[in-house]
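This report covers a strand arrangement and a metal site. The sequence and structure come first.

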Amino acid sequence: MGFERFGIVSFASQTKAAPFVDYLDKGVLAGTKCKGCGAFYFPPRTDCHHCLSSNMEWSEITGKGKLISYSTLIYAPTGFEADLPYTIALVEFENKMKVFGRLSKEIKEGEITIGMELKYVVTKLANDRITYEFKKT
Amino acid sequence: MKDVAIVGVGQTAFVRGYEGSIRELAFDAFKEAMLDAGLTSKEIDASIICSAPEYDKQRTPAGTIAEYLGLNPKPTFYIETVCSSSSSGLRVAYSLIKSGLHRIVLVLGFQKMSEISSADSQERMGRGSDVMWEAPFGTMMPAYYAMHARAHFQRYGTSSEDLALIRVKAGTYGMINKKAVYQKGVTLEQIMTADVVSSPLKRFDCCANADGASCMIVADKEMVKSISKKPVWILGLGAGTAPITMSGRESLTGLNCARVAAKEAYRMAGVTPQDIDVAEVHDCFTIAELMAYEDLGFAEPGEGKALIRGKETYIEGKIPINVDGGLLSKGHPIGATGGSQIRTIVLQLRGEADQMQVKNPEIGLVHNIGGVGVYGNVTVLGRD
Ligand SMILES: [Zn+2]
């Protein structure tokens, strides 16, 4: 429980990865690291397909982010219409961890360039919801 | 190896808002394929029914459709890999025949996308990506392909105008395909000035939804002798997958599932990209066709743009691609699409493609992708 607080609209509530939201509450974006073989995962998972261990620890996403690609949506699926237009993006951090999310609306469209440096910032939403977005460093 | 052949093909017109039930839609494609092969329902040993179930009101539609087509009491199976469902169906048909379990297998793909309301459709669109980690940001199919386009532009200098040239080609052939939902040409200017859907993709970069069905009849080589005037042999089958999450992908400048599938299909068929005389590729978006040029080895990575700039993928070009208008003009009824692409290549190899006919092709290829490069099927076909 608790995972349904993640994101603008939630489609999933029950997962062993629910502590992800507790880390967001503390301002931390976390993936998981396998204690068995050392593999890093983002999105976080609670089972390692490399060594079959389920002994994982939470591990903060670190380093400077680099924008890999993005797109600005003009149409949205149900529940997101009020946010339009918004920009989704894929950003690569340290250890080649790629994180999917949205660019902050503080970044003007003309300022966006592939390869630009970004950081993540946890954002509190209405109704006790929580997410993260990418901002300029 | 010439062990398993396609001996009959059929396709309904792809339309907006088909005014009938899914079983009736399926029957139209079934009838055309059965007449093509000269078979009756009793002669079909097993059927494979393909669609994307989130658009179906009927639960487990294979049962309903098998009954309506008179295929009881023979076995029927439901196969789904979203947009590539019916080429996955062909792969299963091949294995059922090759194993000796069945001798004649029917593959029927259908989709009545208008079966659900546009509000329901809009809700489902938001759940096409990973529902835990990506859908909560408000994702859509066009936005994901747009991210691939942006990455390709950045790395290789491809432009929106290159993509527009692909749409111009699709319009050129859509005009001569009587089964296409969009039978109009579009000019470069219309394409370039159209509204943005998800940057950098604009309205004409995206294929249209449609209702439709396709049908293929597949047989072993002994049955082929007694059935078909012109069998088209399945020479190579390749299939691949990639993570549904963008985080899990190595790169966004191509689709790895397609590269894996192509390699496997070429190996099995014992051919190279240079041996392909005509191809159908999954152009759900213009950028998808451009990436397919490269993923299939028709161009080096980054060089796909040269093929379309030089009109090399037109009928008269080096490698004619989507000369039936592609998904961009035909429309994309999810479960029916792969079977429609395969039908086009079967007709090409038989020399029955009318105005769309490429000169004397011997080997054809079909590239059919499910989701945003989650599932990829590449099929190599050859004539007798
Ligand atoms: Zn491990």
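How many bridges join strand S4 of chain B to strand S7 of chain B? Nine bridges join S4 (residues 104-112) to S7 (residues 211-220), and the two strands of chain B run antiparallel.

## Basis

This is a predicted model: local features need pLDDT of at least 70 and side-chain atom pairs pLDDT 80 or more, while totals for chains, interfaces and linings use all residues. Residues are numbered from 1 along each chain as its sequence is written, chains are lettered from A and ligands numbered from 1 in the order written, and side-chain values use heavy atoms, without hydrogens and water.

## Sheet in chain B

In chain B, nine strands form an open sheet with mixed pairing, in the order S3-S2-S4-S7-S1-S8-S11-S10-S9. Strands are DSSP runs of E with at least two residues, and helices are runs of H or I with at least four, numbered from the N terminus; two strands pair if DSSP finds at least two bridges between them. Strands S3 (76-79) and S9 (278-280) of chain B stand at the edges, each with a single partner strand, so one side of each lacks a neighbour in the sheet.

## Zinc site in chain A

Cys34(A), Cys37(A), Cys48(A) and Cys51(A) coordinate the zinc ion through SG at 2.3 Å. Donors are N, O and S atoms within 2.8 Å of the metal (3.2 Å for Na, K and Ca); water is not among the atoms, so sites may look incomplete. The donor residues are spaced C-x2-C-x10-C-x2-C in sequence.
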